[in-house]
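This report covers domains, a chain contact and a helix pair. Please view the sequence and structure first.

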Amino acid sequence: MIEFDHVTYTYPFQEKPALADISFSVSKAETVVCTGGSGSGKSTLIRLINGLIPHFHKGSLSGRVRVAGKETVHTPVKKLSSHVGTMFQNPESQFFALRVRDELKFALECQGQSVEKIEKITHQEAERFGISHLMDNMIFDLSQGEKQKIALAGIMCIAPDIVILDEPSANLDPQATRKLAGHLMDLKRRGVTLFIVDHRLYWLKDLVDKVLVLDQGRLACQGTFGLLQNSHLRKTLGLRQPVVFSPNLPDVMGAGSGQGLTDNGVHVNNLTFGYKKKPLLFQEASFELPPGQVIAVTGGNGTGKTTLARLLTGLLPLKTGIIRINGTPRSPKDLLTRSSIVLQNTDHQLHMKTVDRELAVAARNNPDRDDTVVDVTRLFGLEPFRLRHPQSLSGGQKQRLVIAAALVKSPDILILDEPTSGLDGTNMNMIARVMTDMAQKGCMVLVITHDLELMNLACDCALSMPLSHKEKN
Amino acid sequence: MQVSSVNNCANRPPKSVLDVRTRMLVCLVCSTGIIFIQSAAALGVLALVSLVYALAHGRIRVLVVAWCGVGVMFAMAMGCIRIMLIFWPQIGEAGPAAFFNPFLRVLVLVNTIFALAVSSRIQDIMNSLKILGLPFVIYLPASVMIRFIPEFINDVKLIRESMRIKGFNPGILFVTLHPFLVVRLLVVPLTIRALRSADNLAVAAELKGMDANTRMTKTPTPGPGAWDIIATACVLVLTFGSIAAEKLL
């Protein structure tokens with residue numbers, strides 16, 4: 001179904017090939033996972049399969065790529081698209097409509113199919129993916145897991161032979177990831193060839209037939225899932241764990257130094273908050289967050305994890321309630337100066353012309369600004385990129401930079417929202433180390449995450465959302 | 001969280017009894033008509049009728065803010081003319097009367113666009129574009145442009161939030177005092193986000209097999225209702241009647 005024969009590809013204006021001498025094949029109904037460190041060439045491999053290379057991205061290509069029996073060099077993307085469906089890491093960026101029904105119909109309407117056929121196919125796929133009840137909903141009001149299902153159902157409406165999934169688990173909680181694995185298993189049974197690119201591996205154990213590991217543009221090794229059990233290989237190539245256990249973290253109330261008995265840390269009393277015309281997210285909730293610990297904030301989508309982060313950092317004003325740091329009540333303005341928050345999308349958080357400037361601006365109110373910037377630049381391995389434009393960095397490098405910019409403020413509270421989504425094992429370990437170091441220095445580190453590996457590595461306790469009665473006074 | 005709140009606007013049921021296509025037609029006819037109408041009286045009548053039309057859609061506070069914006073814009077224009085007159089008196093005296101007709105024209109535009117904006121779901125506008133049977137190369141960019149309005153608003157919110165995290169207060173005072181810094185802090189990331197979104201969507205379009213030769217399926221459309229016919233007749237009679245009356249009198 002997919003055949004790579006000594007494929008080498010170099011992007012325009014680059015000297016080093018992104019992929020070099022790649023040979024492998026994938027049979028019909030086979031499920032393959034491709035993994036590797038950041039910048040190892042996984043995205044390039046996807047683009048070669050779906051024909052974006054060489055038709056959309058030019059450059060120099062040698063060797064032969066055959067997909068569904070067609071040489072991609074001689075087959076336009078439009079023709080390949082009826083054989084290959086691609087799901088992006090962020091499914092939102094590939095939606096053309098706002099309502100679920102319209103999105104599912106869109107690709108079929110573009111193919112000029114009859115109204116009756118469109119109705120029949122969309123109904124069928126909606127049933128299969130269990131999204132019939134969502135058909136009249138607005139896509140952006142849905143959870144990440146539901147969006148993934150809609151993207152997959154949209155792809156399956158055009159009945160491709162091959163489905164490519166780019167980091168499908170990056171934004172999903174463990175429960176949604178399990179459901180996704182179930183849907184993929186179903187597709188596999190229907191004879192669809194699946195090509196999955198992901199850093200998180202634990203959820204693929206029962207699904208994949210073959211593993212491809214890329215390293216700096218070369219195919220380092222291929223084999224069965226058992227290949228990933230080799231810890232030396234994982235360490236050398238920056239891979240994540242193939243088996244991950246759910247962490248059994250103590251509840252934040254038990255992990256603290258007693259309910260309200262000490263003034264250390266962050267105390268939240270009678271917190272009430274809800275968005276306009278929406279039900280309240282928090283109603284008279286009270287809890288305490290101990291200093292010197294890494295606290296995981298867990299819970300499903302829409303339970304208010306990011307809202308809580310915004311409230312704790314003063315980005316949102318409280319409707320009612322008080323936030324105390326070390327016993328002193330703090331206003332939102334105060335909180336903003338004492339805390340740092342790293343939000344999910346790095347593009348919104350990078351403003352300046354160079355990495356150096358970005359860090360200097362973030363640290364401008366820090367009395368030890370120069371020393372801190374130098375230390376943090378070294379700690380995050382950003383020295384080689386000091387004069388680069390932040391937006392020109394890779395995903396992993398940008399993530400490191402926004403966390404570095406949060407750290408140079410020397411905050412009392414550091415909040416990270418899904419910091420390891422889409423990151424390889426090496427970067428994840430580094431972020432885990434930084435969080436632990438910050439906590440040891442007395443900073444309260446709050447991490448909103450679905451990443452079980454990160455929780456196992458760095459977190460001391462958990463705050464589960466929605467805030468239960470236990471946390472309420 | 002932000003995205004969903006933005007898109008709740010899209011979820012809000014339309015308050016107008018008119019079809020979105022009729023409201024689009026009202027905008028089109030009025031905006032074309034005011035180019036040709038010259039007399040203050042005719043423009044005044046059109047502005048008054050459009051005002052009643054806009055008020056019928058509720059959201060009066062938003063409408064008042066829009067009018068205030070227009071007022072400020074004209075005050076600034078008059079101020080600029082005053083300054084120009086100091087250095088270049090040859091352009092001649094331009095009192096408030098000279099601004100009256102343009103002001104009425106803008107009011108008509110604001111009123112009709114306001115009515116369309118507050119009473120239409122984004123998805124309805126997209127559906128209407130599809131129903132109009134425009135060529136795919138026009139339909140797709142137009143539809144994508146509308147589809148990205150909520151995302152654009154969300155991007156602005158997140159970038160402003162990021163500025164606040166870094167200790168900048170992106171209020172009017174900051175924008176006035178540091179215009180160049182605002183470009184760096186707000187406009188540059190926004191442009192990069194817009195370019196990235198456009199790139200992603202172009203790739204998604206390629207991968208869904210769309211190109212200039214795409215022929216979309218024609219979906220059956222409901223006919224216009226009684227209110228649509230009445231509204232269309234009114235706006236046509238009023239606009240073209242004003243133009244005709246001007247020519248005849």
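## Domains of chain A

In this predicted model, chain A is divided into two parts: domain 1 spans 2-237 and domain 2 spans 252-464. Between the C-alpha centres of domain 1 of chain A and domain 2 of chain A there are 32 Å.

The two domains touch, with 14 residues of domain 1 of chain A in contact with 15 residues of domain 2 of chain A. On the domain 1 side of this contact, eight residues are polar, three are nonpolar and three are charged.

## Contact between chains A and B

Chain A gives 45 residues to the contact with chain B, and chain B gives 47. Several helices of chain B each supply at least two residues of its side: α1 (2-11), α6 (122-131), α7 (136-147), α8 (149-165) and α10 (179-207). The largest share of that side is the 14 residues from α10(B).

Sorted by class, the side of chain B that touches chain A holds 21 nonpolar, 14 polar and twelve charged residues.

## A helix pair in chain A

Two packed helices are described by the angle between their axes and the distance between the axes. For helix α4 (residues 100-110) and helix α6 (residues 144-157) of chain A, the angle is about 30° and the axes are 8 Å apart. Because angles under 35 degrees count as roughly parallel, α4(A) is roughly parallel to α6(A). Their crossing is right-handed.

From α4(A), the residues V100(A), E103(A), L104(A), A107(A) and L108(A) meet I150(A), A153(A), G154(A) and C157(A) of α6(A). The residues of this helix contact comprise seven nonpolar, one polar and one charged.

Methods
Residues are numbered from 1 along each chain as its sequence is written. Chains are lettered from A and ligands numbered from 1 in the order in which they are written. This is a predicted model: local features need pLDDT of at least 70, side-chain atom pairs count only at pLDDT 80 or more; totals for chains, interfaces and linings use all residues. Domain bounds come from an automatic or database domain assignment. Two residues are in contact if their C-beta atoms, placed from the backbone, lie within 7 Å. Ala, Val, Leu, Ile, Met, Phe, Trp, Tyr, Cys and Pro count as nonpolar, Asp, Glu, Lys and Arg as charged, and the others, Gly among them, as polar. Helices (H or I, at least four residues) and strands (E, at least two) are DSSP runs, numbered from the N terminus. Axes are lines fitted to C-alpha atoms, for helices over the stretch in contact, and angles run from 0 to 180 degrees between N-to-C directions. Angles under 35 degrees count as roughly parallel, over 145 as roughly antiparallel, 65 to 115 as roughly perpendicular and the rest as oblique. A crossing is left-handed if the near helix is turned anticlockwise from the far one by less than a right angle, and right-handed if clockwise.
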